[in-house]
Amino acid sequence: MAALAEAERWLRAQGPVTLSADYLAAVERLESLEQNQNGACKDWVVRFFAGRRDLGRGAFRVR
Amino acid sequence: MSVLGSLFDGLNRRGVRYVVIGVWAINLYAQRPDQLFATQDCDALLPLDPVNLLTGWEVCEEHGLELFVGAEPLDRPRDRLLADRVVSRRATQRAASGSELQVDFTLEMSGFTFHEVWSERRTFRIEGVDVPVARLSQIVRSKAAAGREKDRLFLATHADALRDLLRRHEG
C-alpha cells in the first residue's frame, strides 16, 4: 500500500499530461486506416470480450 | 445479438443521441486482440438534454437493465424532474445487467463538449448496428486533460502499443 501511495504521489508530481507530437501523429495514422473508417465492422472486438467472459464463467475452484 | 448490441440498437431506434467513449471506444480502433485493453464497462457520452437522457433510461429498462447512480439505484419515479436533476449535477448513471454488461452514461468528457464529440464521431458496425464512436484523437486528448493517475498510466501504455501496432502495419 505504501508503494502504491508513493507511486501515486510521483505521478501527481509529474504535472499536467502532455501528449507528444509523435504520439498524436500515430493516433491520426491509426484513425486513418481503412479498418477505422465509417461503416467498419467491429464484431471481432465484442466477440473477443464475450469469449473472455465465457472462459471465466466456466472456471471453478479445484481445491 | 448480444445485450450490448441490442442496447445500441434500442437507443438508435428511439433516437437517443450518445457517443461511445473511453477505453471501450479505444479498443474499437485496435487491429488485433493483443492490442485490446481490459475494461469493465462501456462508457457512453450523452448531451446535457434531460429528454434524451430520460429516453435512454427507458431503453435501458426495456432491455432489462438496472440503473444506478453510484452504489444506489436511480431514484423513482424516473421522470423529467429526475432527469433535470441528474443533468444539473452531471451525475454518471450506470446501466447494468448483472456482471455481464455495464454501460456508464456520462454527461461530461474532459476537454470536450458533446457537440464537438458528436460532430467528429465515427460510426462503426457492431452486430449489424451502427454505433457512434468518438474519435480516438479526442479520447486520448480527453484522458490527458483529465490527468487522473489511471489516465496517465493508460496513455503511457497506449503509446507503446501504438508504436508497435503501426510498426507492424507499416512493415
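Here are some questions and answers on this predicted model.

Author: A word on conventions: residues count from 1 along each chain as written, chains are lettered from A and ligands numbered from 1 in written order. Local features need pLDDT of at least 70 and side-chain atom pairs pLDDT 80 or more, while totals for chains, interfaces and linings use all residues, and side-chain values use heavy atoms, without hydrogens and water.

Reader: Which element of chain A has the highest mean pLDDT?

Author: pLDDT is the predictor's confidence in each residue, from 0 to 100. Chain A averages 81, and its elements run α-α-α from the N terminus; helices here are DSSP runs of H or I with at least four residues, and strands are E runs of at least two, numbered from the N terminus. Helix 1 (residues 2–13) of chain A has the lowest mean, 74, and the highest, 91, belongs to helix 2 (residues 21–32) of chain A.

Reader: Which helix gives the most to the lining of the largest cavity?

Author: On a 1 Å grid over the protein atoms alone, a cavity is a set of points where a 1.4 Å probe fits but cannot get out, and lining residues have an atom within 4 Å of a point. A:Leu30 is part of the lining, as are B:His158, B:Ala161, B:Leu162 and B:Leu165, among others. With four residues, the top contributor is helix 7 (residues 149–169) of chain B.

Reader: What is the volume of the largest pocket?

Author: A pocket is an open set of grid points with protein on both sides within 12 Å along at least five of seven lines. Among its 24 lining residues, B:Asp43, B:Lys143, B:Arg148, B:Lys150 and B:Asp151 are the closest to the centre, and helix 6 of chain B gives the most, four residues. Taken as the space filled by probe spheres set on points joined across faces, edges and corners, the volume is about 650 Å³.
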